[in-house]
Amino acid sequence: MTSLWEAFAAAWALIAGFDATLAQIVGLSLQVSLSAVLIATCIGLPLGAVIAVGRFPGRQALIVLLNALMGLPPVVVGLLVYLLLSRAGPLGSLGILFTPTAMVIAQTLLIVPIIAALSRQTLEDAWREYDEQLRSLGARRLNAAMTLIWDTRFSLLTILLAGFGRAAAEVGAVMIVGGNIDGVTRVMTTTIALETSKGDLPLALGLGIVLIGLVLLLNTAAALLRELAQRRYG
Amino acid sequence: MRLNHQTFMRGAVLALAMAGMLQGPAAWAQQKFITVASTTSTEQSGLFKHMLPVFEKKTGIQVRVVAQGTGQALETGRRGDADVLFVHDKVAEEKFVADGFGVQRFEVMYNDFVLVGPKADPAKIAGGKDIIAAYQKISAAKAPFASRGDKSGTHAAELRLWKAAGIDPQTGKGTWYRETGSGMGPTLNTASSMNAYTFTDRGTWLSFKNRGDLVIVVEGDQRLFNQYGIMLVNPAKHAHVKKELGQSFVDWVVSPEGQKTIADYKIGTDQLFFPNAKR
């Protein structure tokens, strides 16, 4: 129990004495994971929408595949991206292994299936509901999809938050492709892993508390935004 | 309901622009840097935090350290993903250079390995100096032993000693011999929580905080010597290796100034690494 209290004390000390190193680590975590969410949204949302309203052969198989890919182990994604970006790999000439860009790529791959699969489900449910209505308006599928996205935007926001949560919480992929380089690719989760390695468990847990606080803060902001928007647009 | 496509598209464009922006700063700050693949022991003991700022201040070259087990670090070098290797498995390093992946290996410093174990000392080996005898007693007593099991330099050294003791620890697998398959710190965490003996470098041990009941039981044996080496990854194999920058780091580490910086690093009053570059 004492170490649990020590952890809270450590977390408090970290926040109270907010030092530049921690700020930099927190900033990089946010930068990497938010970039990944944005890019994954640009890929996953249209993909989910197309599958939701489209009718094409292999659609069911694609849905099953996407749902399964939600369970991708981060370490496997990390290894895959590592082999791609390594100098000995096909994209080695880019020289982006052990950089934040590599971490964004890994996290993007990790959460595209989550955003695509969940938004597909949300949009398909909405599509069933409004199917006739939209058709009677003569909407083409593409327009219908955009309308559905707009209509379900608040549910979709929750999906993006789920994606962000997964990206910000994983350590396996960013450890491999980022290398946990001090001041360059060290993020919250890899710092926690490092402090655990050093046996400084209170500090590691303290950092964990800061990370949870950060995710909580972001979710609160999203909830407020949603509240505001709902009031304005009804 | 139709309004929204435009809003939506605008949102998407904005999102893309933001993604670009977020990536911006990292791309601008192009400083001279090299990537060094090194071991968890040098990173986790705090040596690099002490040493690298001195080098960076002098040369303006940022040293980016990826801390891995020696086996993995050598693989990183073989694949061309690092400019310099700073590791501790002489046999494997010499093979690395002989295979043409490294230019030339320089000795840098040494420290030593120690055997740590629970205060209760079930194998009755505390205070001894003979590591081989200690291993034999652990195996005879079937006392729990946590091994790295990760092909790191420390793991290689541990295995060489089992061999010298004439014991195949794999026979104890599943009972007293437990491979954690992870770094030195996690292995120490495991040993501390199950009161097992474990083989560690002194640097990581000195900076390790979650010791529980663990204490040093065997130290000071000649065979516990732990030599670190440094080498530039061969530009002939990987053309993108930063030859000049990397070599300037290697040269600095074995120079009188670099060697003194290593000697100056202490935790409390304990010196962690002893420079021994041959000049």
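Me: Does Val50(A) count as buried, partly exposed or exposed, and what is the reason?
Reply: Welcome to this predicted model! A residue needs 20 or more other C-beta atoms within 10 Å to be buried, and 12 or fewer to be exposed. Val50(A) has 18 C-beta neighbours inside 10 Å, so Val50(A) counts as partly exposed.

Me: Where is Val50(A) placed, and what is its C-alpha separation from Ala116(A)?
Reply: The place of Val50(A) is in helix H2 of chain A. Along the chain, Val50(A) and Ala116(A) are 66 residues apart.

Me: How many helices and strands does chain A have?
Reply: Read from the N terminus on, the elements of chain A run α-α-α-α-α-α-α-α-α-α. Its C-alpha trace spans about 65 × 50 × 30 Å along the principal axes. The count for chain A is ten helices and zero strands.

Me: What share of the residues in chain A is buried?
Reply: Among the contacts in chain A with a separation of 6 or more, 78% are accounted for by residues 24 or more positions apart. As for burial, chain A has 234 residues, and the buried ones make up 46%.

Me: What span should helix H4 of chain A have, and what is the distance between its end C-alpha atoms?
Reply: H4(A) covers residues 74-85, which is twelve residues. At 1.5 Å a residue, H4(A) should span 16 Å. The end C-alpha atoms agree with that, being apart by 16 Å.

Me: Why can the buried residues of H4(A) be said to line one face of the helix?
Reply: The buried residues of H4(A) are Pro74(A), Val77(A), Gly78(A), Val81(A), Tyr82(A) and Leu85(A). Seen down the axis of H4(A), they line one face because they fall within an arc of 135 degrees.

Me: Which helices do the buried residues of H4(A) pack against?
Reply: Leu85(A) is one of the buried residues in question. The partners of these buried residues belong to chain A: helix H5 (100-136) and helix H8 (172-178).

Me: Which element gives the most to the side of chain A that touches chain B?
Reply: The contact takes 30 residues from chain A and 33 residues from chain B. On the side of chain A, the elements giving two or more residues are helix H2 (20-53), H5 and helix H6 (141-151). With seven residues, the one that gives the most is H2(A).

Me: How do the residues of the side of chain A that touches chain B divide into nonpolar, polar and charged?
Reply: Chain A brings 30 residues to this contact. They divide into four charged, twelve polar and 14 nonpolar.

Me: How many helices and strands does chain B have?
Reply: Of the 279 residues of chain B, 44% count as buried. Residues 24 or more positions apart account for 76% of its contacts with a separation of 6 or more. Its secondary structure comes to eleven helices and twelve strands.

Me: Which helix gives the most to the side of domain 1 of chain B that touches domain 2 of chain B?
Reply: The domain assignment gives domain 1 (33-111 + 227-275) and domain 2 (112-224) of chain B, and their centres are 26 Å apart over C-alpha atoms. The contact takes 19 residues from domain 1 and 16 residues from domain 2. On the side of domain 1, helix H2 (40-44) and helix H4 (70-78) each supply at least two residues. The helix that gives the most, with three residues, is H2(B).

Me: At what angle do H10(B) and H11(B) pack, and what is the distance between their axes?
Reply: Two packed helices are described by the angle between their axes and the distance between the axes. The contact is made by Trp252(B), Val253(B) and Val254(B) of H10(B) with Glu257(B), Gly258(B) and Gln259(B) of H11(B). Their angle is about 65 degrees, and their axes are apart by 4 Å.

How values were computed
Residues numbered from 1 in each chain as written. Chains lettered and ligands numbered in written order. Predicted model: local features only at pLDDT ≥ 70, side-chain atom pairs only at ≥ 80, totals over all residues. Expected span 1.5 Å × (residues − 1). Arc of directions from axis to C-beta. Contact = placed C-beta atoms within 7 Å. Nonpolar A, V, L, I, M, F, W, Y, C, P; charged D, E, K, R; others polar. Domains from an automatic or database assignment. Axes fitted to C-alpha atoms, helices over the stretch in contact; angles between N-to-C directions.
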